[in-house]
Amino acid sequence: MTIGVKVVSRPGSFSQQLYVPAIAMGMGVTFRHFAKNFFGNLVGLRKKTDIQTIEYPEEKKPYPARHRGLHRLMLREDGQTRCVACMMCPTVCPAHCITIVPEQAPDGTIEKRPRLFEIDELRCVVCGLCAEACPCDAIRMDTLDHAKPVTRRVDAILDREELLSRGITSSATQGGVGGFWRETVKGENQAPPEAVVQPVGPPSGPTPVSSPSTVPEKTLP
Amino acid sequence: MLDYGSTLFTVIVALIKILALLLGFAMGWASILTWMERRQSAMMQDRLGPNRANIGPFKAWGITHFLADALKFMVKEDFVPPKAHKFLFMWAPVMAMAPALIVGAIIPFSAPLCWGHALEGQSPVCGTPILGQIARLDTGVLFYFAVASLSVFGATLAGWASHNKWAMMGGLRASSQMMSYEVTMGMAVLGAFLSFGTLEPGAMVVSQAHSLWDWGIFRQPLGFILFLTAAIAETKRTPFDIPEGEPEIIGYFVEYSGLRFGMFFLGEFLEIVFSSALIITIFFGGWSLPGLEQVFIDHNIPNLVLVLVTVGIWSIKVMLFSSFQLAIRWSLPRFRSDQLMQLGWQRLLPISIANVVGTAAWTLFKG
């Protein structure tokens, strides 16, 4: 038994079978787009054209506020690290990219602090669990920056000073030091609003998206 | 020693014209077309296209991409497949590119320069003209067809010599397609020959110079469409890119790399330039604009200015028309191989024969 073949007729109008009117219509569509984009670009009205391209190195699309980026370590009001070396973050880290060696603070103001705090950005899977696990608001991933390309692997390991250089003072209460957060937010008590607190480290370059000081903490969830 | 008409004079003038037309215009414009095709298609598809290449501060919308491409072609490995036919493999790109350059010989690109009277006013009759055309052949357009059809050897031999089944398929398709459309191409332009009464491109341009309605496209609208279709099929570009067939077989040049591939690539764009130039000559008045020469005679403007202006007009026409050919490529979907043959033999050929017969009858009964 042969296989039944169903022949599908493809009726086309006369103008379609002639090809020429249909081709002219198609050319009209493409020419309309070309004219709009070409002349729009020529007179500098790039925004009016249909081209959506973001020319990356020159233009950058800002990351969303909840973007998990490069890590940083937050600071106490006296400029020391907030980290108490409780080992929560290396424990929870699924990629084992955090190395902490604790030590006792020499002047006795802090019981425990990290002597060594290293994050291997090549191993980091940017899951954000470390920031979530931290009980002290010491480690954050809200720099809106991403790991920079490096030529040697060792350069991708961020040490304590580098992590601290992006840090700002946190308003969270820690060990009875610092203002009560309700009063801080209302602005009734001593501490100034946190958004205007300047970073302690050196300014992090001219790129606006990577600067932590431009990110008001109020916008973060 | 350099008298008008002496052998040395003729040779020097011809060499200057060849260098100016081929190296100065055709190669340069074909190279720029390789960039323009990408940039223009990008604009048509709401993209930006290549706009990065620059020489220091000179960027010019990325026009120097063609130099970067040429440099890349030169430093890439020139790979020859071990089982390929070495000699033919080496020479196939040349055979594809050379006809594309040779056909430039008959294209008239400017008004004649009046030797010795270049700075005087334009006179209707000039005793010592230097034609704006490399070779004035009475067979004219027939020479074009004869040489252009040789370029199929490049494609077919490349496909055969590569010892690769996809390349072989591409070569076969190239030969079948180009032979089919060669017939339509000749038939389509036959109507124009009857209408102009000449085969010589220079004379065709002169007979179109007086009024817009003398242009070939108004005398032979059907012939224009047929000829344009066949010319695009000859240049092996979408919607007739069956020999290259990038989605299915890569094409007859699948085994080519480096500068040899670059020659195929540039040869394709040279074909665009010269097929545009021929269409301009036959259907759009070549270097002339209606009534332009009369303006020069009336105002007693030097002959040299007319030559330069007409070269400019011709260049702009060729540039616009090559851009139009690129637009066709990026607007239309491609044919299947059997549809291509069907269109060529069952549609275009009968229509073109009817066009010839109709034009012949019209010419006969009108005068």
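Reading along the sequence, chain A goes α-α-β-α-β-β-α-β-β-α-α. That's six helices and five strands, where helices (H or I, at least four residues) and strands (E, at least two) are DSSP runs, numbered from the N terminus. Two quick housekeeping points. This is a predicted model, where local features need pLDDT of at least 70 and side-chain atom pairs count only at pLDDT 80 or more, while totals for chains, interfaces and linings use all residues. Residues are numbered from 1 along each chain as its sequence is written, and chains are lettered from A and ligands numbered from 1 in the order in which they are written.

Let's stay with chain A. Of its 221 residues, 21% count as buried. Buried here is about neighbours: 20 or more other C-beta atoms within 10 Å of a residue's own, with 12 or fewer called exposed, anything in between partly exposed, and the C-beta atoms placed from the backbone. And who touches whom? Two residues are in contact if their C-beta atoms, placed from the backbone, lie within 7 Å. Among contacts in chain A between residues at least 6 apart in sequence, 64% join residues at least 24 apart.

Now the strands. Two strands pair if DSSP finds at least two bridges between them. In chain A, β2 and β3 (residues 113–120) run antiparallel and are joined by six bridges.

Next, a couple of loop residues. A:Met87 lies in the loop between β1 (72–73) and α3 (88–92) of chain A. A:Met87 counts as partly exposed because it has 13 C-beta neighbours inside 10 Å. A:His96 also has a positive phi, near 50°, and you'll find A:His96 in the loop between α3 and β2 (98–103) of chain A. Is A:His96 buried or exposed? Exposed, because 11 other C-beta atoms lie within 10 Å.

Over to chain B, and a pair of helices. The axes of α2 (residues 65–75) and α10 (residues 258–283) of chain B come within 6 Å and cross at roughly 140°. So α2(B) is oblique to α10(B). For the cut-offs, angles under 35 degrees count as roughly parallel, over 145 as roughly antiparallel, 65 to 115 as roughly perpendicular, and the rest as oblique. The axes are lines fitted to C-alpha atoms, for helices over the stretch in contact, and angles run from 0 to 180 degrees between N-to-C directions. B:Ala70, B:Phe73 and B:Met74 of α2(B) make the contact with B:Gly258, B:Leu259, B:Phe261 and B:Gly262 of α10(B).

Last stop, where the chains meet. Eleven residues of chain B are in contact with 14 residues of chain A. On the chain B side, α1 (7–44) and α12 (303–331) are the elements giving two or more residues. And that's my tour!
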